[in-house]
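Visitor: I am new to this structure and would like to learn how to read it. Could you walk me through it, one feature at a time?

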Amino acid sequence: MLMYQIQLAILAIKPYTKAKNDLIKRASELSKRATVPAIAKQSELIKQLLANTDSLERAGVADYEQIRIKLRDLIKFIPLNEREPYNTNFTDDILSIEWNDSQLDNDDLANYKKKVNYYISQNQDIPSIAKLKSNIPLNYEDVQELEDILWNELGTKEQYDAQYGEISMGVLVRSIVGLSQKAANDAFSAFLNDAKLDSRQMHFVKQVVNYIVKNGVMKDYAILQESPFSDQGSIAEIFVDTTMFARLRTVIDGINKNAA
């Protein structure tokens, strides 16, 4: 969780000094137990974290991901009574409540995301959400409905922006609920019912349908070069007639547009 908070802060361009210092403290505690074989295997990484803390300032998301993977199974060797405590000092009377950037570095964003995922999954009959699942374009009132849910009822616009960045509300909702099988079949009916498609082309189209039913949209067409789409050949090999693939892509673009 600590490492994910750091990675999120990097992506959201937010400060993470406290989390970075917490990582260094944990590395220090691990260095005291270098005789443990599992810790000894990562001794060079631990020494690097302690000897050159400035490198953590320049580290990117991928660098922190490697640190996370290498250290995650070692934290259990630090006795609970030696782990950094989190102290609170609440007063009886709350005179004011302020929102500041530091709040975006803690569990608030993770909790906000959980609330969003749960609410949308459990309320798919709400008109705007139902339209997105059914591949029906949203109108102005639908967008207002989503704004009220995501920016007022479940959290704030600041939380949304920090958690999801430039992802539109429609794309977010579609990524959670997916696209209904009926809507996907209707959108690709011209291909699914085309007797002229050979077995490889039909396999490709069905994989596209399955993907969009599960993920709601297809953001990156580069995925079409990977398995399972490429299991029976590349796009160029499967669609010698490029106009057929162009038609297929037009359908995908339309589905994406209805979410955006």
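Guide: Gladly! Let's begin with helix H11, where Met169, Gly170, Val171, Leu172, Val173, Arg174 and Val177 are buried. Please keep in mind that this is a predicted model.

Visitor: What does that list of buried residues say about the setting of H11?

Guide: To read a helix this way, look at how many of its residues are buried. Seven of the nine residues of H11, which spans residues 169–177, are buried, so this helix is largely enclosed by the rest of the structure. Just after H11 comes Gly178, with a positive phi of about 75 degrees.

Visitor: Where else does a residue with positive phi follow a helix?

Guide: Look at the end of H10: Gly165 follows that helix, and its phi is positive, near 60 degrees. H10 itself covers residues 157–164, and its buried residues are Gln159, Tyr160, Ala162, Gln163 and Tyr164.

Visitor: Let me step back for a moment. How many helices and strands does the protein have?

Guide: There are 16 helices and zero strands. Of the 260 residues, 35% are buried. Another overall figure concerns contacts: among those with a separation of 6 or more, 68% join residues 24 or more positions apart. As for the surface, the protein exposes about 15600 Å², with carbon and sulfur atoms supplying 52% of that area.

Visitor: Which residues does Gln7 touch?

Guide: Gln7 is found in helix H1. Not counting residues up to four places away in sequence, Gln7 touches Val61, Tyr64 and Glu65. Gln7 is buried too, with a relative accessible area of 7%.

Visitor: Tyr64 keeps coming up. How do I read the aromatic rings?

Guide: With ring pairs, check the distance between the centres and the angle between the planes. A search of the whole structure finds nine aromatic pairs. One of them joins Tyr16 and Tyr64 edge-to-face, 6.2 Å centre to centre and with 90 degrees between the planes. Tyr16 lies in the loop between helix H1 (2–11) and helix H2 (17–31), while Tyr64 is in helix H6, so the pair ties together parts that are 48 residues apart in sequence. Tyr16 counts as buried at 14% relative accessibility, and Tyr64 is buried at 0%.

Guide: Phe204 and Phe239 form another edge-to-face pair, 5.2 Å centre to centre with 80 degrees between the planes. This pair links distant parts of the chain, 35 residues apart: Phe204 is in helix H14 and Phe239 is in the loop between H15 and H16. Both Phe204 and Phe239 are buried. Ring pairs also link Phe204, Tyr211, Phe229, Phe239 and Phe245 into a cluster.

Visitor: And which residues touch the most other members of the largest nonpolar core?

Guide: Of its 24 residues, those are Phe188, Phe204, Val208, Leu224, Phe239, Leu248 and Ile252. The elements giving two or more residues to this core are helix H12 (181–187), helix H14 (199–215), helix H15 (235–238) and helix H16 (242–259). H14 supplies the largest share, six residues. To follow one member, take Val208: apart from residues up to four places away in sequence, Val208 touches Phe188, Met218, Leu224, Phe229 and Ile252. A second, separate core of 21 residues includes Ile39, Leu45, Ile67 and Leu71.

Terms used: Residues are numbered from 1 along each chain as its sequence is written. This is a predicted model: local features need pLDDT of at least 70, side-chain atom pairs count only at pLDDT 80 or more; totals for chains, interfaces and linings use all residues. Side-chain values use heavy atoms; hydrogens and water are left out. Buried means under 20% relative accessible area, exposed over 50%, partly exposed in between (1.4 Å probe, protein chains only). Helices (H or I, at least four residues) and strands (E, at least two) are DSSP runs, numbered from the N terminus. A nonpolar core is a set of buried Ala, Val, Leu, Ile, Met, Phe, Trp, Tyr and Cys residues joined through side-chain atoms within 4.5 Å. Contact means heavy atoms within 4.5 Å. Rings of Phe, Tyr and Trp (its six-membered ring) pair if their centres lie within 6.5 Å; planes under 30 degrees apart count as stacked, over 60 as edge-to-face and the rest as tilted. Accessible areas come from the Shrake-Rupley method with a 1.4 Å probe; for residues, only the protein chains shown count as cover.
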